[in-house]
Amino acid sequence: MSTTLFDKVWDSHVVRKIDDGPDVFFIDRHFIHEVTSPVAFLGLKERGITVLYPERTFATADHNTPTINQHLPVADPLSANQLKALEDSAAEYGISHWGLGHQKNGIVHVVGPENGITLPGATIVCGDSHTSTHGAFGAIAFGIGTSEVEMVLATQCIMQPKPKKMRINVNGTLSKGVGPKDVALYIISKLTTSGGTGYFAEYAGNVFEDMSMEGRMTVCNLSIEMGARGGMIAPDQKTFDFLEGRLYAPKGEAWTKAVEYWKTLKTDADAIFDKELNIKAEDIEPMITYGTNPGMGIGISKNIPKANQVEGGEETYKKSLAYMGFEENDVMIGKPIDFVFLGSCTNGRIEDFRAFTEIVKGRKKADNVTAWLVPGSHVVEAQIKEEGLLDTLTAAGFVLRQPGCSACLAMNDDKVPAGKYAVSTSNRNFEGRQGPGSRTLLASPIMAAAAAITGKLTDPRELF
Amino acid sequence: MAYDKFNILTSSAVPLPIENVDTDQIIPARFLKATERVGFGDNLFRDWRYHPDGSKKADFVLNNPTYSGKILVGGKNFGSGSSREHAAWAVYDYGFRAVVSSFFADIFKGNCLNIGVLPVQVSPEFSNKIFAAIEADPKTAVEINLPEQTIKILQTGETETFNLSGYKKENMINGFDDIDYLQNIKEEIVEFADKLPY
Ligand code: SF4
């Protein structure tokens with residue numbers, strides 16, 4: 001029978017099927033961080049059980065860590081307590097732990113691939129919904145709740161009904177200034193934040209084939225924002241080249257064998273999906289969001305839709321625009337902004353910093369803009385320096401911070417004040433996501449760069 | 001953590017007819033710093049419920065004494081966004097035992113089931129009927145019968161059935177959780193793991 005990439009990976013990890021119930025699903029790799037794991041470890045204690053496969057779990061501190069002065073003790077006692085709890089649990093159960101200050105430390109979804117922990121055909125979970133990022137390698141990866149973190153620690157399995165399958169095909173040629181983030185925001189604007197609910201997506205078509213691994217990660221990362229549990233892309237030579245030689249990637253003969261297997265991981269020609277979406281690359285413009293969910297996005301040259309043009313409740317829509325301080329039919333270009341955030345597991349990789357730097361090169365940061373440039377990991381940070389990007393950024397008036405989730409969810413001090421506008425390369429523009437009352441405009445690194453330079457929303461294509 | 005058993009719940013309901021209620025509204029990230037599962041109810045819908053100075057926002061439904069009960073009725077696409085189970089904990093800790101919506105985000109729904117809050121997915125029409133019934137009479141009682149898988153507006157008698165897998169239903173009725181199940185088949189899991197490439 002013809003099967004999809006998703007079927008192949010899923011079916012090979014089902015330990016047992018429960019009648020009128022979920023599958024018992026085996027997890028190859030498990031990432032944990034300080035925020036969603038403490039209660040899971042507490043649960044183990046209460047039950048008097050231990051971790052079944054400590055070598056399959058990887059801990060990193062990222063969500064609430066400061067992005068300056070990481071060598072100093074963490075000032076916020078609650079954050080410090082969570083970091084300590086993670087460190088202690090990791091030590092107690094023999095789990096690898098890349099804590100604050102460790103040279104491998106960074107955002108969980110950045111360091112996983114960087115170190116070859118993420119592999120094609122693997123099943124990967126983490127108590128963070130953007131675990132979908134790892135799907136870029138042809139893995140099934142998705143976010144789980146804390147009860148499930150406990151399940152994985154205790155038994156390396158979770159109970160999951162198999163999701164339905166959806167394929168999103170993007171073919172054609174992307175216009176200049178349109179990158180992976182724009183492709184993803186465009187898809188979400190078409191599907192809305194619930195259009196993918198109940199599905200697992202596969203991204204196919206020449207646009208994804210031509211995309212770098214970093215770009216594929218950006219796209220898969222945002223799968224959850226259309227409600228899908230995750231998204232994946234068939235592994236190819238680019239995937240193998242990216243992984244070869246990385247810390248946890250197979251070596252020698254095991255590598256050759258692995259690649260042989262990975263080459264079989266693709267959707268059969270006549271496999272059937274429950275839902276299919278076809279998009280022309282030429283239709284996609286540099287994107288910006290104007291509302292309070294990632295589905296509320298438009299091309300930068302467009303006006304904000306009127307309430308009667310959108311699906312769903314008018315009241316919810318108007319509430320959202322009121323929160324943003326925008327009106328129906330507003331022009332986006334030229335709107336003044338206050339903050340720029342380059343970073344997060346969506347756009348905190350080296351390619352994102354290259355793209356940002358390319359635009360700001362030889363220009364100056366606008367005086368009215370506070371910019372936070374936060375690399376996704378220490379490895380990215382080192383690369384920024386090595387490639388000379390830092391010099392260019394510094395000359396343009398930018399400061400590079402230390403790695404972490406930072407203003408993506410504003411659990412640390414990187415908070416956008418109430419009423420202020422932030423052009424952010426992260427993944428969520430929910431009310432208060434970047435701090436109470438903050439107003440987030442999601443965009444690509446080059447859109448963020450254009451805004452940082454001009455102090456207002458600017459079509460980045462004008463700055464090439 | 002084993003949880004409360006769920007059988008038949010009859011209660012008035014709290015209406016929140018807003019769409020796409022995301023997990024950052026249910027519990028903002030800055031309240032995720034606990035290392036124990038206590039006290040999250042105080043921060044449920046924090047920024048909709050309180051002004052920055054801590055005073056209550058009078059127009060928010062949880063601050064309106066007219067509405068109370070163990071059932072929260074939300075708008076479409078309830079619980080979208082993050083995987084934080086804290087959102088489900090906050091709903092539970094506040095005192096809700098069931099959430100009704102015409103559409104749930106996947107992870108939130110799963111998290112609720114894992115901690116003993118019943119997500120009841122109803123048709124958009126039925127959801128509208130409940131909102132209308134509560135508007136007409138805030139004390140309207142809603143009955144959720146898990147064994148029968150029905151939800152009923154008692155005043156009007158209008159009823160709808162809802163879906164839940166047989167496995168999860170048994171768990172909810174008995175207060176079992178998935179770890180109990182998984183612990184019992186550990187040998188099978190280990191055998192399975194031994195055969196995997198990595
Ligand atoms: S950067 Fe944001 S989305 Fe990514 S892991 Fe951190 S908090 Fe989650």
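This is a predicted model: local features need pLDDT of at least 70, side-chain atom pairs count only at pLDDT 80 or more; totals for chains, interfaces and linings use all residues.
In chain A, the domain assignment gives two stretches to keep in mind, domain 1 (5–162) and domain 2 (303–463). The C-alpha centres of these two domains lie 28 Å apart, and where the domains meet, 24 residues of domain 1 and 21 residues of domain 2 take part in the contact. Together the two domains of chain A bury about 1,900 Å² between them, with 56% of that area on carbon and sulfur atoms. On the side of domain 1, the residues that lose the most area to domain 2 are Thr67(A), Ile107(A) and His130(A), which together account for 33% of what that side buries. Between domain 1 and domain 2 of chain A, the count of salt bridges is zero.

The ligand can now be placed in this picture. Because domain 1 (5–162) and domain 2 (303–463) of chain A both give residues to the shell around the ligand, the ligand lies between them. The space that the ligand takes is the largest cavity. The residues around it include His63(A), Ile107(A), His109(A), Asp128(A) and His130(A), and also among them are Ser344(A), Cys345(A), Cys405(A), Cys408(A), Leu409(A) and Asn427(A).

What remains is the contact between the two chains, to which chain A gives 73 residues and chain B gives 56 residues. The size of an interface is often given as the accessible area lost when the parts come together. For chain A and chain B, the buried area is about 5,200 Å², 59% of it on carbon and sulfur atoms. Five salt bridges are found across this interface. In one salt bridge, the side chains of Arg433(A) and Asp24(B) meet at 3.0 Å, N to O.

Terms used:
Residues are numbered from 1 along each chain as its sequence is written. Chains are lettered from A and ligands numbered from 1 in the order in which they are written. Side-chain values use heavy atoms; hydrogens and water are left out. A residue is near a molecule or strand if one of its heavy atoms lies within 4 Å of it. On a 1 Å grid over the protein atoms alone, a cavity is a set of points where a 1.4 Å probe fits but cannot get out, and a pocket is an open set with protein on both sides within 12 Å along at least five of seven lines; lining residues have an atom within 4 Å of a point. A molecule sits in a cavity or pocket if more than half of its atoms lie within 2 Å of its grid points. Domain bounds come from an automatic or database domain assignment. Contact means heavy atoms within 4.5 Å. Buried area is the accessible area (1.4 Å probe) that two parts lose on being put together, summed over both. A salt bridge is a side-chain nitrogen of Lys or Arg within 4 Å of a carboxyl oxygen of Asp or Glu.
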